[in-house]
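User: I would like to learn how to read helix packing and pockets in a model. Please take me through one case.

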Amino acid sequence: MGFSQWYLRRGRIDRQTWWLQYTLPLTGLALLGLIADLSLGNIDLDAVAAGGSPYGPIGLAVAFLTAPASSSASATRLHDRGMPAWWLLLGLVPYVGGVALFVLNGILPGDAGPNRYGPAHGGAVAGQPVFPPPSAPPPPGPSPSGPPTAPPSAPPYWG
């Protein structure tokens, strides 16, 4: 995948891609921008504690440069759930909007099969289970080998 495909994503992405290719690296870049602003003296921590802006020029540059990648990743993650990108406007709701988008993008699973935004990711064929079905449970009734015995490492007072 080229940089332009990463920067402006199309279609669907799964949770793992959202976390490992977008959320964690972009959060790391934001932290590096904050550290750079702190080390260069662009941010006064006392002013931030009093309610001032925590963004210096480097942090603002990082935020503006990574906003398209972050928005397109969130939109394609919503597409994986079958939801339109208009749901990104939920982030404008104070306090709960960001938390709701975080839950929608980072926690809840996407559609297992194809939806209007594209085929399912991960190579799974629609209609086939990703994991094999569980094995059949043993038939009810007494065990053919008799009562249970203590394992070799069990204390002497076992059953």
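Predicted model: local features only at pLDDT ≥ 70, side-chain atom pairs only at ≥ 80, totals over all residues.

User: How many helices and strands does the chain have?

Analyst: Helices (H or I, at least four residues) and strands (E, at least two) are DSSP runs, numbered from the N terminus. Here there are five helices and zero strands.

User: At what angle do H2 and H5 pack?

Analyst: Axes are lines fitted to C-alpha atoms, for helices over the stretch in contact, and angles run from 0 to 180 degrees between N-to-C directions. Helix H2 (residues 15-39) packs on helix H5 (residues 96-107) at about 110°, the axes being 7 Å apart. H2 is therefore roughly perpendicular to H5 (65 to 115 degrees; under 35 is roughly parallel, over 145 roughly antiparallel, the rest oblique).

User: Which residues meet there?

Analyst: Contact means heavy atoms within 4.5 Å. From H2 come Arg15, Trp18 and Trp19; from H5, Phe102, Asn105, Gly106 and Ile107.

User: What lines the largest pocket?

Analyst: Rolling a probe the size of a water molecule over the atoms shows where empty space is left. A pocket is an open set of points on a 1 Å grid over the protein atoms alone, where a 1.4 Å probe fits, with protein on both sides within 12 Å along at least five of seven lines; lining residues have an atom within 4 Å of a point. The lining here has 30 residues, with Leu26, Thr27, Ala30, Thr66 and Ser70 nearest the centre. H2 gives the largest share, 10 residues.

Conventions. Residues numbered from 1 in each chain as written. Heavy atoms only, no water.
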